Amino acid sequence: MVGWGWLERPVRKAAGGEELGALLGFLRSQRGLAEELGEWAFYAAVALILLALFKRFPYRYFFKTHRLLAVVYLVLVFHSVVLMNSAYWASPLGVTMAVLLLAGTLAAAISLLRRIGGSRRALGHIEALELHKDNRVLGIDIRLQDRWPGHQAGQFAFVTFDPAEGPHPFTISSAWQGDGHLRFHIKGIGDYTETLPQTLTVGDPVTVEGPYGRFDFADGKPRQIWVAGGIGITPFIAGLQALAEQPDGRSIDLFYSTAAPDQTFIERLQQLAGQARVRLHLLVSGRDERLTGERLREQVPDWRTADVWFCGPAGFGRSLRESLTASGLPAADFHQELFEMR
Ligand SMILES: Cc1cc2nc3c(=O)[nH]c(=O)nc-3n(C[C@H](O)[C@H](O)[C@H](O)COP(=O)(O)OP(=O)(O)OC[C@H]3O[C@@H](n4cnc5c(N)ncnc54)[C@H](O)[C@@H]3O)c2cc1C
């Protein structure tokens with residue numbers, strides 16, 4: 001258009017050019033540092049990723065070391081910006097790179113400022129506690145004073161009872177009724193959860209962040225088989241409660257395997273299953289035969305039309321999935337929650 005005389009050629013702004021030149025000069029002067037830092041950041045990233053995959057590395061330390069990845073990422077951004085040929089920035093590749101680096105930098109800043117999940121956090125307090133001694137499960141009722149968006153039965157939340165310990169993920173074992181009440185059932189299986197029956201008291205402040213997760217029984221099939229191993233019963237308790245309040249016509253069999261049967265806990269479960277019109281099969285380890293794929297197929301003859309929702313120990317889930325898929329259950333119809341973050 002300039003050539004046709006429609007537009008005047010824009011006058012180059014000397015000041016802008018100077019600034020750009022100064023910036024490019026500065027970036028050039030940082031090349032040595034960027035190369036060195038980039039190499040170390042690469043080694044650090046590999047080490048941190050390996051650490052994340054090494055499950056024996058305790059979660060409480062992993063939780064802290066993993067955050068360092070954000071710092072490493074920012075160093076790698078510096079490395080890329082300084083070393084990338086300045087002519088590339090105007091190309092489609094350069095623009096894509098700029099967008100990705102900006103988005104990554106923003107995400108790293110959110111992580112370092114501990115803002116992840118910030119908009120999903122709600123404060124509350126402990127309203128009631130109930131310890132089931134025989135299965136070492138602590139029932140915790142929480143009353144939220146902040147807004148909670150609601151949740152689907154089967155979803156989980158990060159719960160912080162002690163800010164020094166930080167958040168732990170637990171399934172919300174109650175269906176949402178819009179009244180600010182959440183229930184959790186927590187089994188003492190590790191250093192921290194074992195101490196909860198002694199350390200928590202009614203009235204203690206709690207922060208709950210969520211809801212998260214896709215283990216929500218929502219895939220539309222009218223026939224379902226639910227299988228719980230031990231504390232893996234928690235998402236199903238919420239599922240039963242939701243169905244008891246709002247039946248949806250689905251036909252469901254729930255298998256609950258436990259090595260530590262607790263009378264009160266089981267009675268409540270039976271009562272809830274009755275209200276939800278769900279057939280409960282209780283299997284006590286040592287007393288009853290183990291639940292295998294074969295046994296499940298015998299107990300639920302129309303299993304082929306169902307989808308299976310499993311929550312419990314990884315080995316138990318794997319053997320059931322292998323047996324059922326080998327007999328023709330589509331892999332996508334086996335859903336599982338293993339209570340593992342990595
Ligand atoms: C989605 C999900 C839902 C869960 N729901 C329940 C539930 O309803 N009831 C219940 O009793 N347990 C539940 N758990 C398990 C519970 O989070 C762990 O048992 C608990 O965090 C163990 O902490 P600990 O320090 O006592 O045990 P540790 O012996 O330190 O850890 C035991 C296991 O828990 C993991 N873990 C430890 N601390 C954390 C943490 N801060 N965040 C994430 N994982 C951690 C470790 O990697 C390890 O595999 C759930 C886990 C997940 C991932």
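This is a predicted model: local features need pLDDT of at least 70, side-chain atom pairs count only at pLDDT 80 or more; totals for chains, interfaces and linings use all residues.
Reader: What makes strand E7 and strand E8 a pair?

Author: Two strands pair if DSSP finds at least two bridges between them, and here 7 bridges join strand E7 (residues 223-229) to strand E8 (residues 251-258), which run parallel; they therefore meet the definition of a pair. Tryptophan 226, for instance, has leucine 254 in E8 as its bridge partner. Residues are numbered from 1 along each chain as its sequence is written, and side-chain values use heavy atoms, with hydrogens and water left out.

Reader: Why are E9 and E11 called edge strands?

Author: In the open sheet, 5 strands follow the order E9-E8-E7-E10-E11 with parallel pairing. Strand E9 (279-284) and strand E11 (334-337) each pair on one side only, which is why they are the edge strands. From one strand to the next, the twist averages 15 degrees.

Reader: How do you know that helix H9 packs on the sheet, and what is its direction relative to E11?

Author: Contact means heavy atoms within 4.5 Å, and helix H9 (residues 314-326) touches E7, E8, strand E10 (307-311) and E11. Its direction makes about 175 degrees with that of E11, where axes are lines fitted to C-alpha atoms, for helices over the stretch in contact, and angles run from 0 to 180 degrees between N-to-C directions.

Note on methods: Helices (H or I, at least four residues) and strands (E, at least two) are DSSP runs, numbered from the N terminus.
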